[in-house]
There are 2 protein chains.
Amino acid sequence: MNYTEFKHCGLNVALEVLSGKWKPIILFHLFHQQEIRFTDLWRNIPKVAKKVLLEHLKQMEADGLIVREERQVFPPEVYYRISEKGKALGPALAALENWANEHASAQVQELRDKKKVANGQR
Amino acid sequence: MNYTEFKHCGLNVALEVLSGKWKPIILFHLFHQQEIRFTDLWRNIPKVAKKVLLEHLKQMEADGLIVREERQVFPPEVYYRISEKGKALGPALAALENWANEHASAQVQELRDKKKVANGQR
DNA sequence: CAGTATCCCGCGTGATACTG
DNA sequence: CAGTATCACGCGGGATACTG
């Protein structure tokens, strides 16, 4: 068998597109909210630097996952929403979530606890 | 609505487990081969440093994705195979692959080309 | 052959201040 | 408010030599 065809490279592409510390939570919000203003998104994601959030959004827009809409007013208003291509990722993301919950519930619980602490919850 | 429950954290866990430059291709081989000796795996993944490959395998074993079997002979023989937990990732990985092929075929093709060049193919 | 020990480098992330 | 400019730092990944 010859593996030089790299049939897994679609997987690489998908993971690349998802690589970025805050992209999962960004997607989470956009999946649940249909449109969010930048500042609101920022406030809803504790501890991310504004610069980094903007970088991630820029990449995701370049990757076609999200749509950026700039309303020409002052002060500026910029809204982000999920694109069709982004929506299409939904099932795959859900599959990953399910896998984690079914096969790695310990790590999931760990992570949840860490985040609550980071957000000052009890 | 309150997002502090971080219902997406399963996704974070799954992506963490997959994070590592060579993990997709490692999984690819283990999904297709049922057991591989370390050196063979190494030869089949061009350009990865032995140290890095070992690190990845160690992490994947710690994450329960793969199983390491050491046969007590000289010279040493070590075989790796996918675990049940690893196998369970299959559908999710396939979903990501399909998404990439259906919605990001340009990037996929790009990546494929790059890899062929890296392997000295025409 | 499988694995470890060093040394190195670039990049992703972060803090902070500034601009239009 | 949205976005940019700097500066800094740790860590993932790579090259190479060594060990049991």
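The face turned away from the buried side carries the exposed residues A:K51, A:K58 and A:A62. Exposed is over 50% relative accessible area, buried under 20%, with a 1.4 Å probe and protein chains only. Helices here are DSSP runs of H or I, at least four residues; strands are runs of E, at least two.

A word on the source. This is a predicted model: local features need pLDDT of at least 70, and side-chain atom pairs count only at pLDDT 80 or more, while totals for chains, interfaces and linings use all residues. Residues are numbered from 1 along each chain as its sequence is written, chains are lettered from A in the order in which they are written, and side-chain values use heavy atoms, without hydrogens and water.

Now the other side of α4(A). Buried there are A:L53, A:H56, A:L57 and A:M60. What covers them? The cover includes α2, α3 (38-44), β2 (66-71) and β3 (77-82) of chain A. Just after α4(A), A:G64 has a positive phi of about 80°.

Next, α2(A), residues 23-33. Eight of its eleven residues are buried. Among them are A:I25, A:I26, A:L27 and A:F28.

Finally, the whole chain. Chain A has seven helices and three strands. Of its 122 residues, 43% count as buried.

Methods: Contact = heavy atoms within 4.5 Å.
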